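Q: Can we go through this one together? I'd like to start with the pocket and then look at the aromatic rings.

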Amino acid sequence: MSPGVDRASIGALVREFYARVREDERLGPIFTREITGDWGPHLEKMTNFWCSVMLKSGDYHGRPVPAHLKLEDVTEADFDTWLALFRATASDQFEPETAAVFIERAERIAASLKLAMFFRLDRAAACR
């Protein structure tokens with residue numbers, strides 16, 4: 001990974017990103033409903049997640065798909081908003097080459113979660 005990418009810089013990215021999410025008109029209320037009280041544990045979990053993704057640290061032991069499947073009011077378009085906020089935050093926090101790696105990983109993660117949440121074989125079969 002690029003120089004300057006460590007747990008501290010990833011933690012700063014996570015904190016800034018979720019500050020922006022909380023201010024977003026659409027995403028803010030969704031996250032506020034799910035994360036009540038202290039945001040510290042969620043921010044730590046997301047820092048562990050991104051350290052595992054970027055640094056191969058193995059710090060994250062959660063299950064993102066089941067956590068997201070329970071979010072009934074999330075739409076596919078919400079992922080576009082999430083990605084726009086993430087792209088902007090990564091670009092603000094890191095040099096362009098490093099930001100591009102974070103963004104590419106975030107896009108893959110979003111695509112995977114969208115497939116898990118919104119792709120249904122019954123719908124795909126109906127389209128034939």
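Q: Which element gives the largest share of the lining of the largest pocket?
A: In this predicted model, α3 does, with 5 residues.

Q: How many residues line the largest pocket, and which lie nearest its centre?
A: The lining has 26 residues, with F31, H42, A67, H68 and L71 nearest the centre.

Q: How do the lining residues divide into nonpolar, polar and charged?
A: There are 18 nonpolar, 3 polar and 5 charged residues.

Q: And how much space lies in there?
A: About 660 Å³.

Q: Now the rings. How many aromatic pairs does the structure hold?
A: It holds 13. In one of them, the ring centres of F17 and W82 are 5.4 Å apart and the planes are at 85°, so this pair is edge-to-face.

Q: Where do F17 and W82 lie?
A: F17 is in helix α1 (residues 7-23) and W82 in helix α5 (residues 76-93), so the pair ties together parts 65 residues apart in sequence.

Q: Buried or exposed, those two?
A: Both F17 and W82 are buried.

Q: What about F79 and F118?
A: They also form an edge-to-face pair, at 6.2 Å centre to centre with 85° between the planes. F79 sits in helix α5 and F118 in helix α6 (residues 96-118), 39 residues apart. F79 and F118 are buried.

Q: Which residues do ring pairs link into a cluster?
A: The cluster consists of F17, Y18, F31, W39, F49, W50, Y60, W82, F86, F94 and F102.

How values were computed. Residues are numbered from 1 along each chain as its sequence is written. This is a predicted model: local features need pLDDT of at least 70, side-chain atom pairs count only at pLDDT 80 or more; totals for chains, interfaces and linings use all residues. Side-chain values use heavy atoms; hydrogens and water are left out. Rings of Phe, Tyr and Trp (its six-membered ring) pair if their centres lie within 6.5 Å; planes under 30 degrees apart count as stacked, over 60 as edge-to-face and the rest as tilted. Helices (H or I, at least four residues) and strands (E, at least two) are DSSP runs, numbered from the N terminus. Buried means under 20% relative accessible area, exposed over 50%, partly exposed in between (1.4 Å probe, protein chains only). On a 1 Å grid over the protein atoms alone, a cavity is a set of points where a 1.4 Å probe fits but cannot get out, and a pocket is an open set with protein on both sides within 12 Å along at least five of seven lines; lining residues have an atom within 4 Å of a point. Grid points are joined across faces, edges and corners, and a volume is the space filled by probe spheres set on the points. Ala, Val, Leu, Ile, Met, Phe, Trp, Tyr, Cys and Pro count as nonpolar, Asp, Glu, Lys and Arg as charged, and the others, Gly among them, as polar.
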